[in-house]
Amino acid sequence: MAQLRLQAGNIQNDFIYLSHNRKVPKKMSSIMEMKEIFLNADAICFDVDSTVIKEEGIDELAKFCGVGDAVAEMTRRAMGGSVTFKAALTARLGLIRPSYEQVQKLISEHPPQLTPGIR
């Protein structure tokens, strides 16, 4: 698993590329190289919270599950870089401990809102 970062203006989007132990260059040298990675990926996950959608999804889930303040503080620390992404996500999900049903109910009752200008 390799993690790539793309910088777009002052908005940073992260995505994780998963494949069968294939090494991914840390810096893309061309659009064709990027296309090849996308076309051959088993899965690509984008972090769109607070960029494409208005909400920070994990904070919304935490509020819905009754632990919003504690998780929001963990998110602030993670965004500041004092905690690794993996450690922060593990800690927050460990505190929330959401069930599949809770996630589905949150999505149906409070669907994510696109940031203005996103189509």
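Predicted model: local features only at pLDDT ≥ 70, side-chain atom pairs only at ≥ 80, totals over all residues.
**Entry 1: α2 and α3.** I began with helix α2, residues 57–64, and helix α3, residues 68–79. Their axes lie 8 Å apart, at an angle of about 160 degrees. Angles over 145 degrees count as roughly antiparallel, so α2 is roughly antiparallel to α3. I noted that the crossing of this pair is right-handed.

I then listed the residues of this contact. From α2 come I58, D59, A62 and K63, which meet G68, V71, A72 and T75 of α3. By type, I recorded four nonpolar, two polar and two charged residues in the contact of α2 with α3.

**Entry 2: α2 and α4.** Next I turned to helix α4, residues 85–96, which packs with α2 at an angle of about 20 degrees. The axes of α2 and α4 are 10 Å apart. Angles under 35 degrees count as roughly parallel, and α2 and α4 are therefore roughly parallel to each other.

The contact of α2 with α4 divides into six nonpolar residues, no polar ones and one charged.

**Entry 3: the core.** Which residues form the largest nonpolar core? I listed seven: I58, L61, A62, C65, V71, I96 and L106. Helix α2 gives the most to this core, with three residues.

Finally, I examined I96. Leaving aside residues up to four places away in sequence, I96 touches I58, L61, A62, C65, V67 and V71.

Technical notes: Residues numbered from 1 in each chain as written. Heavy atoms only, no water. Axes fitted to C-alpha atoms, helices over the stretch in contact; angles between N-to-C directions. Helix = DSSP H or I, 4+ residues; strand = E, 2+ residues; numbered from the N terminus. Parallel < 35°, antiparallel > 145°, perpendicular 65-115°, else oblique. Left-handed = near helix turned anticlockwise from the far one by under 90°. Contact = heavy atoms within 4.5 Å. Nonpolar A, V, L, I, M, F, W, Y, C, P; charged D, E, K, R; others polar. Core = buried A, V, L, I, M, F, W, Y, C linked by side-chain atoms within 4.5 Å. Buried < 20%, exposed > 50% of the residue type's maximum accessible area, 1.4 Å probe, protein only.
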